[in-house]
Amino acid sequence: MGNEKISSEEFQKFAELIHRISGIYLKDSKITLLSNRLSKRVKDLGMKSFDDYYDYVVLENKEEIIEVINGISTNETYFFRHNPHFAALFDVIIPEFISRSHFPLNIWCAGCSSGEEPYTIAMLAKERGYLNRKYIRIDASDINTEVLNLAVHGVYEDKKFRETNFNYIKRYFKKLSEKRYLIDEEIRHSVNFFRFNLIHDSTDKKYDIIFCRNVMIYFDKEDQTKVVANFFNALNHEGYFFLGHAESLYFMDSRFKFKKIQEAPVYYKE
């Protein structure tokens, strides 16, 4: 295969497959992105065309779909992203639970990417004296196995610290090179990472707090409604649900109640 670009027909086939498997909705404007992300894999496997690769994925090696999902689901994030959420969590919500002797708290970061969000929660919990299984247990999931692998190893470039106070870098990271840092072992071992498909997987575990920030934008309206309903069922009563700061359930039929806690919009299960 040379430098061929994916055709409109090939794009539609892959887009439908990706949506069916993961719920990720690719607009037509993503054709160049998909072509660039898949072309390397096609070449590495010695395929002659995108059509050959599609047949390989669907007919011969269904595990290869994980490679496809990995290729198109990578997203950029960083530590302490949108701090008002964390302020609401540690200034108001967690003290509220602990005052009612409701612990340990089960927290789930869904769509955690390379782990910056759950590790931010773990660092803040350490600062407040909550980082032990008596008080807080943190789960974190993503559909992308590559970013989960990065999260488990806990090595980050300095660009991930653009919203991070220097004192946190000093206390919780070891400098490996000019731009690479390893997160503290206690923080790393405090988070349980696992692969989870928000569209097709289910959990019997109940959570008190769920973060799913900047993930809904990848789904269409029907799948958004399904995922939000699943989160509602996964929450304990009086639990809290965090979306990205630009996301909202305003136009969605859900059973969540809206709350404003300090500067953070939050959803609540009565």
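## Charges

In this report Lys and Arg count as positive and Asp and Glu as negative, while His and the chain ends are not counted, and the place of a charge is taken as NZ of Lys, CZ of Arg, CG of Asp or CD of Glu. On that basis the chain carries 39 positive and 40 negative charges, whose mean positions are 5 Å apart.

## Basis of the model

The structure is a predicted model, in which local features need pLDDT of at least 70 and side-chain atom pairs count only at pLDDT 80 or more, whereas totals for chains, interfaces and linings use all residues. Residues are numbered from 1 along each chain as its sequence is written, and side-chain values use heavy atoms, with hydrogens and water left out.

## Overall fold and dimensions

Ten helices and ten strands make up the secondary structure elements of the chain, where helices (H or I, at least four residues) and strands (E, at least two) are DSSP runs numbered from the N terminus. The chain is as compact as a globular protein of its length, because its radius of gyration of 20 Å is close to the 18 Å that the globule rule gives for 270 residues; the radius is taken over C-alpha atoms, and the rule is 2.2 Å times the number of residues to the power 0.38. Along the principal axes, the C-alpha atoms fill a box of roughly 60 × 50 × 30 Å.

Of the contacts (heavy atoms within 4.5 Å) between residues at least 6 apart in sequence, 75% join residues at least 24 apart.

## Surface and burial

The accessible surface, from the Shrake-Rupley method with a 1.4 Å probe and, for residues, with only the protein chains shown as cover, comes to about 13800 Å², and carbon and sulfur atoms account for 48% of it. Buried residues form 47% of the 270 in the chain; buried means under 20% relative accessible area, exposed over 50%, and partly exposed in between (1.4 Å probe, protein chains only).

## Cysteines

With a disulfide defined as a pair of cysteine sulfur atoms within 2.5 Å, a search of the whole structure finds zero of them. The closest cysteine sulfur to that of Cys-112 belongs to Cys-109 and lies 7.1 Å away, too far for a bond. Cys-212 is likewise in no disulfide, its nearest cysteine sulfur, that of Cys-109, being 9.9 Å away. Cys-112 counts as buried at 3% relative accessibility, and Cys-212 is buried at 0%.

## Surroundings of Ser-35

Ser-35 lies in helix H2 (residues 31–44) and is buried, with a relative accessible area of 3%. Leaving aside neighbours within four places in sequence, Ser-35 is in contact with Glu-4, Lys-5, Ile-6 and Phe-50.
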